Amino acid sequence: MGIAAFAAIALLPMGLANPPAVTPAGADIPALVAAQPDEQDRYKDKAEKVKEKQEKTIDQADREAAAARALQDGALNPMMVVDAEMITAAAAPGDAPRYFSHPNYANSPLPELTTAAGDSVLVGNDVIQRTNPTDTASNVLVMSPGVLSDGFLNGFQTYVQAGSEGLPFHAYVLRPTGNPDNPNEYTVVFDSGQLVTPATTGVAAYGVTNFEVMAGDRIAHYGQGIPYTPGSGTDSIYYPSAALPAQGSTITLGTAPYPPYTAQARTYSFAASMVGPQEVTITGGIRKFVDPLPEIPAAVADTASFPVDGTTPAADYYEIALVEYTQQLHQDLPATTLRGYVQLETPANADANSAHYDLGNGYFGYTAPSYLGPAIVAQKDKPVRIKFRNLLPTGAEGNLFLPVDTTVMGAGMTPEGHEMMEAMPDMVDPQVPMCNDPATKPGLVASGDCYSDNRSIIHLHGGITPWISDGTPHQWITPANEDTPFPEGVSVKNVPDMDPAAEDPTDGVQTFYYTNAQSARLMFYHDHSWGITRLNVYAGSAAHTYIIQDETEQALVTAGTIPDAASTIPLVFQDKTFVPNQAQLDLQDETWDTTAWGGEGSLWLPHVYSPAQNPGDVSGVNAYGRWAYGPWFWPPTNNVEYGPIDNAYFDPTCDPEAGWCEPALMPGVPYNSMGMEAFMDTPMVNGAAYPTTTLEPKPYRFRILNAANDRFFNLSMYQAVDANGTVCDGTTAPVAESTGVACTEVALNPDEVAAALEDPTVFPTPVAGTEGPDWVVMGTEGGFLPAPVEVPAHPTTWVNDPTVFNAGNVDQHSLLVAPAERFDVVVDLSQYAGQTLIVYNDAPAAFPARDPRYDYYTGNGDYRESGGTASTLPGYGPNTPHRHADQGRGHRPGSGVRRRQAQHRIQPHG
């Protein structure tokens, strides 16, 4: 693309769909086209390749189809409640993961729906002993009398008597499609998978984890083991049924392949237990908008230690340390272990303003450690000098509390470790590589075979910095007294005129010099250590803001053109997932090592490379898959040193004709592997989950940073709605959600929400007319723009024309912020006094594509069968669209209007 074309696109207002076509003056369009056949051919060829790639991409429909086939083949629906003894192939931490029969992907603590004893009602027939113990045929589909009402299905029941023991059947929920031309048409909304009647006689109950049902739904069963009495009854029987109904499919009862059986009326001992919404109590989970938006503390500069010295300019001086600490990031979570930077107390700042916080290692913090603190405010052309101390724990205590894929270059073996493995190839275990075991790692670090996990450095992101102070991946240092022959990276170089003692490679100290020879802008500093940057950043050593101010900025403030410091708020956006309780963890991520990585409230990170492909499925799709696996991709990746291996859970006696079987092969990747991209379920703003703040109805300056590892954010402001779907505009008292908090949602188009439950490619959008104020963008990571740009609220849209080369890319958007990008914006809240606004995100993940399992919004689809989570409840997480609420506020699903969750809430008070 030429410079002129680039400039034309760059000058378009953000959110414009497509730039206008530009025709050279006097150009003959047909002649130009005719003169460039090669270019046309290349364009068409590129478009065809994009179309072919899209057609071969595995999407949610493919995963759901694979899940439905697995259920038909005998797999158990993950929503079925099973006893521990029924799980015959469960894996434990350190074992081979179950790549094809377990999600291996956790969510933050989810709200649980509980009911009191006696609240459940039975729908169907009496569950009693009958004349005949079972159907002799296995291909019988029976729909029970009675209809379900709105509420939650929590189980199926049948009766076991002599002759009905040990027989397989499936239980279903069928939903009428409402087709006026075919009243017998149903959608199979729930398939239990293969259930087996127990050996013990009496009532047999099969629990379901609160599957939401609608008025008019029906229950059915297929198979054997259900006793019946012939001669009377209103059960609808379909025999011979040619096939098991597939979950998600639409079937017509009364015609092939489900012809009616009218030779005999029957009453089967089969029923479902359910509760109405009013009987459900919600416990646990993470509530939205109950914690305040945190302030980010600023470091206090020492202006005396480095005065002007000849030609050397005066500098602001700071001593900054990296420490491990705990902090509660939401009141519904236990304290989370983190690693982050803190300003140290020194003789120069040990005054009454210092907190004199004992860090427990002989050093004191000027403040207590806090997430994202301390911010550094610098002046243009006035240098900043930093002495950095790595005060992380040493030895085994220095191991990271996150899964470390030690096959990533720099995260595991040192050069000596590689040489040792090359000399002893029989010791190589590709699935459990060297340096992987936290118990033995300290010894391997001491012997020089493995790098330690407590390496760190400071990198000023966006700074024009001398190379010795750049904080490159090879400029890391370990804490003092760490037992290792590798105490620092090969590129460490200290500032020559600062601390001579810092030249000792084992002292855990490094010095930095930042010129600040840049215009006013927002930057940030973070860890950059080789092989573990993404982990250290996720653990907390990132997004510490660094602001340069200059005379131009001050002139704008003085003139009243932009808000002053008192009306300026930094907003640092991230996404995290927190380890849930053990019961939820067993269902979602059974190989998570709570001993090494932490239990409930700890940071969770993907660590099982779940392949998108399954060689045992007829279509090659893994319902639980997350990432493409090269050897099974198309075209396949060849010459892989460690390719597919025998599946530890493969049973050669398993008959795929009789039930679901594990495939013979599984990926030959380490059991503890890095996910190529990791999208979390809980939005964080300034280190708090779903925070809220109250502001004046006036203009504010927001300095926005996307500090997520991988997630993009498309930020807009929308008015919030209460539990009745009423806009929270301050004219009436809002109705609270079950959390006790009102105005927690953004109103989504109800038709789109309903359609998305059937078609996961549908992307619900906010209701038109609920848009909040525009963003007035005046700066980016490059400083101030030549002129401000007004960016209105706008949902994400895509290029849907399959004939163009950029098909599938994001088209229109609002304030679209990629990881590490910054925006300097002004938002005028003057017209929103008394209202509640929600800072809302709807950027897809993985950008620009969209996996609906990563798109958490109130009323979203239930994706548990493909490794996702249930529909999000009003007022609770997980919810990535809602980031921050400002009073102005958001919307709810019980009213027919569903909501994507917010990130942050703002309430301008009158």
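This is a predicted model: local features need pLDDT of at least 70, side-chain atom pairs count only at pLDDT 80 or more; totals for chains, interfaces and linings use all residues.
Elsewhere in the chain, strand β17, residues 316-327, runs antiparallel to β18, and eight bridges join the two. Here Thr 326 is the residue that stands opposite Thr 337 in β18. Strand β18, residues 336-343, is mostly covered, with seven of its eight residues buried.

A further strand to look at is β34, residues 699-706, where seven of the eight residues are buried, so that the strand is largely enclosed by the rest of the structure. What are its partners? One is β27, residues 568-578, which pairs with β34 in the parallel sense over six bridges, and there Leu 571 has Ile 704 of β34 as its bridge partner. Another is β40, residues 822-828, which pairs with β34 in the antiparallel sense over seven bridges, with Val 825 of β40 as the bridge partner of Phe 702.

Let me now move to a helix end. Helix α8, residues 551-558, is capped at its N-terminal end by Asp 550, which places a side-chain oxygen 3.3 Å from the backbone nitrogen of Thr 552. Just after α8, Gly 560 adopts a positive phi of about 75°.

Now the loops. Asn 104 lies in the loop between α4, residues 60-73, and β1, residues 111-115. Is Asn 104 buried or exposed? Its relative accessibility is 1%, and since the cut-off for buried is under 20%, Asn 104 counts as buried. A polar atom of the Asn 104 side chain lies 3.0 Å from the backbone oxygen of Arg 98, and a distance of 3.1 Å separates a polar atom of that side chain from the backbone oxygen of His 102. Leaving aside neighbours within four places in sequence, the residues in contact with Asn 104 include Pro 97 and Tyr 99, as well as Gln 588, Asp 589 and Trp 604.

The other loop residue is Arg 853, found between β41, residues 837-841, and β42, residues 857-858. Arg 853 has a relative accessible area of 3% and is therefore buried. Which backbone oxygen does the side chain of Arg 853 reach? That of Gly 625, at 2.7 Å. The side chain of Arg 853 also makes a polar contact with the side chain of Asp 851, at 2.8 Å. Again leaving aside neighbours within four places in sequence, Arg 853 is in contact with several residues, among them Gln 60, Arg 63, Tyr 624, Tyr 863 and Ser 866.

Note on methods. Residues are numbered from 1 along each chain as its sequence is written. Side-chain values use heavy atoms; hydrogens and water are left out. Helices (H or I, at least four residues) and strands (E, at least two) are DSSP runs, numbered from the N terminus. Buried means under 20% relative accessible area, exposed over 50%, partly exposed in between (1.4 Å probe, protein chains only). A polar contact is a pair of N or O atoms within 3.5 Å; within protein, one must be able to donate a hydrogen and the other to accept it, and residues adjacent in sequence count only if both atoms are side-chain atoms. Contact means heavy atoms within 4.5 Å. Two strands pair if DSSP finds at least two bridges between them.
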